[in-house]
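Reader: I would like to go through this model by question and answer. Where shall we start?

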Protein chains: 2
Amino acid sequence: MAAPKKLGQQTVMFQNPPVIAATATIVGPKEGQGPLAHTFDKVVEDPYYAEKCWEKAERRMLEEVMQTVIKKAVLAPANIDYLLAGDLLNQIISAGFTARSLGIPFIGLYGACATMYEGLALGAILIDGGFADYVVVGASSHYSTAERQYRFPTEQGVQRPPTAQWTVTGAGAALLARTGAGPVVTHATIGKVLDLGQGDPNDFGSAMAPAAADTIVRHLQDTARGPQDFDLFLTGDLGIYGKGLADQLVRERGFDIGNKFADCGTMIYDHQKQDTHAGGSGCACAAVVTCGYLMQQMLTGKIKRVLGVATGALLSPLTTKQGETIPVIAHAVAIEMR
Amino acid sequence: MAAPKKLGQQTVMFQNPPVIAATATIVGPKEGQGPLAHTFDKVVEDPYYAEKCWEKAERRMLEEVMQTVIKKAVLAPANIDYLLAGDLLNQIISAGFTARSLGIPFIGLYGACATMYEGLALGAILIDGGFADYVVVGASSHYSTAERQYRFPTEQGVQRPPTAQWTVTGAGAALLARTGAGPVVTHATIGKVLDLGQGDPNDFGSAMAPAAADTIVRHLQDTARGPQDFDLFLTGDLGIYGKGLADQLVRERGFDIGNKFADCGTMIYDHQKQDTHAGGSGCACAAVVTCGYLMQQMLTGKIKRVLGVATGALLSPLTTKQGETIPVIAHAVAIEMR
């Protein structure tokens, strides 16, 4: 029998921490004008990416980062044991169609904007458990595919409230390996679904903050670590309002992460100049900032240990119309350079 | 380092096969009039299940089977390490809202009608890998939620072609445990996404048949086993046309499973009397027949070893409108009584 690897209630510790052997990112034009532009592999100026529709553009981006990350690791799709992916579109079509073109055994995930971290956690579990040597994990989103599915056709020009976030156009992928050089995934904390009764689909950040706070606190308690053990706590897409709230909620539970707390959603755009309101969101937000910016920071030694925490709002347009509030989740993965 | 557990290209073998310690099922009125009615825990006569809408009825069914399966195993939600679930609705709302009410760390899955088997495979991986002691896996679907999301409002009374299948109303759940009595999961084969160019969303069975055949053949090749080693090959929801096609495709690749081949979709209804055309479909089809009928057959010694194979069509209504054909996948899990 394998030795139990659980720590506390919700965290697993990897005995042979899987390596993030390579990452790849691609973003759209707006992200290419933002402050993290230099951390992405490729900026696409055309939101259609030469495809007939935005959905096909999003899919092309996800396919491309998958192919790129496999090439960067000097491997071929046939070497990869599992492809773990998901996105925001109904029936996760970006991921499903990408899996069709790559021909890698596919595990489809849905964790809304937490999907990349759900995948990193499961990918590390597959490798550390002895079930895989190589796993590719990825997620994508696209401003225009998300707007028309979740809110309004962009052509309609509906005014956005200040708490609204801007869905990141792009895709990120990471290749996890049993051995090799690079940052390693040491722990994963799978979140519980919470719901504090927030029902405003124009303020996801505030809705998701309690989930982020809960998973961060749970991780610290399960691993008997504190803020001093990390260089950075990086959340996925809380945005300005959600980040402030999460900071406060973590503090109320006895941990002060304030001066080490960053949020991908507040970093990816210059929200004053770029009119992105509360910040970035979408599956690609955590995916591209983790696979781009964060990996650069780790590989250049600027950040040694990070707790990455991506949050997801598990609602649908239908549940909102049916009067439901917003269930939220956050998954965390601890990554370190050794 | 954990010993590699991969067999061949796509199969993993469990060193300490996880036990299916309990299962629970609930179905709607039509399934309650079908030939497998006696194998389900509960038949609900009201398709609304006393809720205001069909989506809430589906969710209530999924919540109830989760609670039932945990009670049957004499456990509480706090004992369960992970909840793995998914469904057909956009943003897998049945699963997400169920996870909210249960408070168990949640891994959201999307594998269309293959979701139950994606979950069984991952659940067994989590336990055999040493990451969990107890995992609950479940899936749901509802005729009326699926019809109005994927096809037409049922009120419209659109005529269905003979190849159309009938989405099963119900939910099934299985509790996997590290130790205990019951059938064990010995192997899992995660499928690749195939697409043979079938684009008719009214004939999913034929579209999915190649995926079922590929995963069955891959499992037999990876494990160096043949049809003689199994009592049953049970597919999820190929229906009449898809089952015939899968049988033929497996035969063309050198294996004759014909006299041991059953399909949940052809079993759950009396398709002559119940006007269900090509048979049942939906996430709940494989889930309730596996957790109901199959478990009964295994626990009473009538079936000793089965290869369960659930197929999923990874399209969306949008991809069909955008001219795409249907990508399909099949995941297999080998279960045996010891």
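Author: Start with a definition. Axes are lines fitted to C-alpha atoms, for helices over the stretch in contact, and angles run from 0 to 180 degrees between N-to-C directions. Note too that the model is predicted.

Reader: At what angle do the axes of helix α6 and helix α7 of chain B cross?

Author: Helix α6 of chain B spans residues 204-223, and helix α7 of chain B spans residues 239-252. Their axes come within 8 Å. The crossing of α6(B) and α7(B) is right-handed. The angle is roughly 35°.

Reader: Is A:A278 buried or exposed?

Author: A:A278 lies in the loop between α8 (264-267) and β13 (280-281) of chain A. Among the residues it touches are A:P162, A:G205 and A:Y241. The cut-off for burial is 20 or more other C-beta atoms within 10 Å. A:A278 has 27 such neighbours, so it counts as buried.

Reader: How many charged residues has the side of chain A that touches chain B?

Author: 53 residues of chain A are in contact with 53 residues of chain B. On the chain A side, β5 (82-87), α3 (93-102), β6 (106-108), α4 (115-128) and α10 (317-321) each supply at least two residues. That side has 29 nonpolar and 15 polar residues. Its charged residues number nine.

Key
Residues numbered from 1 in each chain as written. Chains lettered and ligands numbered in written order. Predicted model: local features only at pLDDT ≥ 70, side-chain atom pairs only at ≥ 80, totals over all residues. Contact = placed C-beta atoms within 7 Å. Helix = DSSP H or I, 4+ residues; strand = E, 2+ residues; numbered from the N terminus. Nonpolar A, V, L, I, M, F, W, Y, C, P; charged D, E, K, R; others polar. Left-handed = near helix turned anticlockwise from the far one by under 90°. Buried ≥ 20, exposed ≤ 12 C-beta atoms within 10 Å, placed from the backbone. Lists of a residue's contacts leave out its neighbours within four places in sequence.
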